[in-house]
Amino acid sequence: MIRALRWDGDRDGYPVLVEQTLLPDRFEEVDIKTPQEMVAAIQRLAVRGAPAIGIAAAYGICVATRGLEDADAIDAALDHALPLIRESRPTAINLHHMVDRMRGVIDAHTDLRGVALRERLLEEARAIHREDEELCDAMGRAGAPLIRDGMSVLTHCNAGALATGGSGTALAVMYAAAAKGVQFQVYADETRPLLQGARLTAWELQQEGIPVTILGDNAAATMFAHGEIDLVITGSDRVAANGDAANKIGTYGVAVLAQHHDVPFYIAAPSTTFDFSTPTGQEIPIEERAAEEVWGVSWKSAPPAGISVRNPAFDVTPKELIHGWITENGIVQPPFDELR
Ligand code: MRU
């Protein structure tokens, strides 16, 4: 299965990312040699998806000290890199959690300085990556029984291997069901404006031999109305303490449709995506991205001069619309005692 990112080499190595902006036309990898390059890669969505950017952040912190041996220089490089990377995108909480985890290692090891600290941080980043892979597999096992023979499963955006350190969140559930021999098909919303569904989810599922059909985002309602969707599973960028879940813009609309048509809607997310310090979805900061993304994808020209464009990248699905939260500890409900 495709891997979104990896660390190449030892402590003087660097992260290598799949350049997701080019998929599916071209498969290219990009070497990241500085924290600034990692920030740029996160911001242009070369690496994307909540768990994947958490891992990328940890590796970005490691690469900040690449080639340095002097303890003071290493401390200064880390002090510069941590806030830079932490603020690179606002919505996915994994990014903040993983930067804070790396900071925790630094703070807990005041005896460890210089190259020894660099070694320890790389060990932690690798552990973050390895653990995420295990979380994906566990979510797959927990959610797989939801998918039965003959079902059509709708997903939105990309919550697969390209978005994590392992097999995905929502797509991990699908991979686990397919591995058990369940026959089903997937509908992938195209996910405007950047087409993560049409470009990435469709590509990923095709690679894995799972039947997938792309839907224009505005086609979902009629598909529900005609009884063509049996189940919805999406990922999340941040689940608030009450269960409200931020995910790619358009997810909320899908959840409303699912409820109207009595189709179960599930969020698949590891505990690393839960944010118990944010009480409800109202407090989740929503990234607003460049206007050009909205008119740049499929329009033949720019909008009329003077027209304003809004481009919120995420929306919040209220907990009332979510049947269950598929996690590494099973399918759970608020207040999520299993995860705290
Ligand atoms: O802007 P993106 O592509 O990073 O948005 C990603 C999503 O919304 C995913 O659905 C979410 O991160 C869950 S990924 C396992």
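1. V239 stands opposite A245 in β9. These residues belong to a predicted model, in which local features require pLDDT of at least 70 and side-chain atom pairs count only at pLDDT 80 or more, while totals for chains, interfaces and linings use all residues. Residues are numbered from 1 along each chain as its sequence is written, and side-chain values use heavy atoms, with hydrogens and water left out.

2. The strands β8 (residues 238-240) and β9 (residues 245-248) are paired in the antiparallel sense over 2 bridges. (Helices, H or I of at least four residues, and strands, E of at least two, are DSSP runs numbered from the N terminus; two strands pair if DSSP finds at least two bridges between them.)

3. The open sheet has 4 strands, ordered β11-β8-β9-β12, with mixed pairing. Because β11 (274-275) and β12 (314-317) are at the edges and each has a single partner strand, one side of each is left without a neighbour in the sheet.

4. The ligand is surrounded by 19 residues, of which the closest are R48, R89, D237, N247 and K248 (a residue counts if one of its heavy atoms lies within 4 Å of the molecule). Both α2 (50-63) and β9 supply at least two residues of this shell. Its classes are 7 nonpolar, 8 polar and 4 charged residues (Ala, Val, Leu, Ile, Met, Phe, Trp, Tyr, Cys and Pro are nonpolar, Asp, Glu, Lys and Arg charged, and the others, Gly among them, polar).

5. R48 places a polar side-chain atom 2.6 Å from a ligand oxygen, and an N or O atom in the side chain of D237 is 2.8 Å from a ligand oxygen. From G49, a backbone N or O atom lies 3.1 Å from an oxygen atom of the ligand. Taken alone, the ligand exposes 420 Å², and the protein buries 100% of that (Shrake-Rupley method, 1.4 Å probe).

6. The largest cavity holds the ligand (more than half of its atoms lie within 2 Å of the grid points; a cavity is a set of points, on a 1 Å grid over the protein atoms alone, where a 1.4 Å probe fits but cannot get out).

7. The R192 to P193 peptide bond is cis, with omega near 5°; P193 is in the loop between β5 (185-189) and α7 (196-207). The peptide bond from P334 to P335 is also cis, with omega near 10°, and P335 is in the segment after β14 (330-332).

8. C157, a residue other than glycine, has a positive phi near 70°. This cysteine, C157, is in the loop between β4 (152-155) and α6 (170-179).

Notes: Polar contact = N/O pair within 3.5 Å; in protein donor to acceptor, adjacent residues only side chain to side chain. 1 Å grid on protein atoms, 1.4 Å probe; cavity = no way out; pocket = protein on both sides within 12 Å on 5 of 7 lines; lining within 4 Å.
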